[in-house]
Amino acid sequence: SSALIVLFALELLKSILSKRLSKQADGGLSRDLLKATKFLFIVFFSFYAGSSFLNIAPNYSVVLEKTAVLILLFQSALWGSHAVAFWTGREKEKRINQQETSEATTIAALGMTAKLALWSVIVLLALENLGIDITALIAGLGIGGIAVALALQNVLGDLFASLSIALDKPFVIGDFIIIGDYKGTVEHIGLKSTRIKSLSGEQIIFSNNDLLGSRIRNYKKMSDRRIVFSLQLTCDTGVENLKKAPLILKEIIESQNGIRFDRAHFRKYGEWSLDFEIVYTVTNPDFNFYMDIQQAINLAIYERFATEGISFAYPTKTILMEKEKD
């Protein structure tokens, strides 16, 4: 009966606290810790509290105490994990809002390391509570760890790769990267894998170890964009227009804002055209800005060349037929 009274009181207290905390804007951590409190923990705590009023045999009392410690350790680990998750989530969101994505990645890695350390300590304490000599166990792990490392080398490789990503920061959450034929924005960097949202909307998952072994192009680090494009003019274009074309291209490009003209040259004789190469630099790394500029340049070139009577080439072949003599 004592255990039932304690159980009823604890459940009532939990319900009252849940209702009050749900109305508070700043009760996030308390709400998380309350949700992490398992019903099994409350039941056993109630039973353990009620048993203190009873005369229990010493053997059963020892088992009860050891079980109580194990459940308390497990519940403490859950509370600690939720506290770490709450802190890392809040700090990551704060850093992302401040556009400090590299800091957000480091905080995520610290959170994962803290959880791993917490559960390691809890497991060791639980084993010690069961009467296992953890000193000898830790010494034995030195030899057994080699075998485990060989068996789990892929998992450990991904783990160390995630730490390398967090410390070296080749990319961070929010960066737009290209790996081979895949491209997208980094959404999450975990212990085992990194998740990227592609331009078409689906999520692409990479193993951290494979990811660091690939060639990664990080467009978030781009400060400007160098553009190279070509034009093909017809083979019958006059010499004057060939000389005039680079000057026209330079004039058009220099009239645009936010770019630097580099060069425009009659580059080579193609199979069916006279090829020009144009190079300029966009000082804004935004892709949409670049496309707006390129569109404006293309329209201006089309209009100006039409006015000057300069024709664009397209694949053609000229066949010369010789008339047979009688």
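A pocket, on a 1 Å grid over the protein atoms alone, is an open set of points where a 1.4 Å probe fits, with protein on both sides within 12 Å along at least five of seven lines; its lining residues have an atom within 4 Å of a point. The model is predicted, so local features need pLDDT of at least 70 and side-chain atom pairs count only at pLDDT 80 or more, while totals for chains, interfaces and linings use all residues. Residues are numbered from 1 along each chain as its sequence is written, and side-chain values use heavy atoms, with hydrogens and water left out.

The largest pocket holds about 350 Å³ of space, a volume being the space filled by probe spheres set on the grid points. Its lining consists of Gly174, Phe176, Ile178, Lys183, Thr185, Leu199, Tyr219, Lys220, Arg225, Pro285, Asp286 and Phe287. Strands E1 (176-179) and E2 (182-189) are the elements that give two or more residues to this lining.

The protein chain has 10 helices and 8 strands; these are DSSP runs numbered from the N terminus, with helices (H or I) of at least four residues and strands (E) of at least two. Of its 326 residues, 32% are buried, that is, under 20% relative accessible area with a 1.4 Å probe and protein chains only, whereas exposed means over 50%.

Asp286, one of the pocket-lining residues, also caps the N-terminal end of helix H10, with a side-chain oxygen 3.3 Å from the backbone nitrogen of Asn288. H10 comprises the 22 residues 287-308, and because each residue contributes 1.5 Å, it should span 32 Å; its end C-alpha atoms are 31 Å apart, which agrees. The expected span is 1.5 Å times one less than the number of residues. Gly309, with a positive phi near 75°, follows H10.

| Face of H10 | Residues |
|---|---|
| Buried | Tyr290, Ile293, Gln294, Ile297, Ile301, Phe305 |
| Exposed, turned away from the buried side | Asn288, Asp292, Gln295, Leu299, Tyr302, Glu303, Ala306, Thr307 |

The buried residues Tyr290, Ile293, Gln294, Ile297, Ile301 and Phe305 cover an arc of only 95° around the axis, which puts them on the same side of H10. Their cover includes strand E6 (225-233), helix H9 (239-254), strand E7 (259-269) and strand E8 (274-282).

Leu233 lies in strand E6 and counts as buried because its relative accessibility is 0%.

Note on methods:
The arc is that of the directions from the helix axis to the C-beta atoms. Contact means heavy atoms within 4.5 Å. A polar contact is a pair of N or O atoms within 3.5 Å; within protein, one must be able to donate a hydrogen and the other to accept it, and residues adjacent in sequence count only if both atoms are side-chain atoms.
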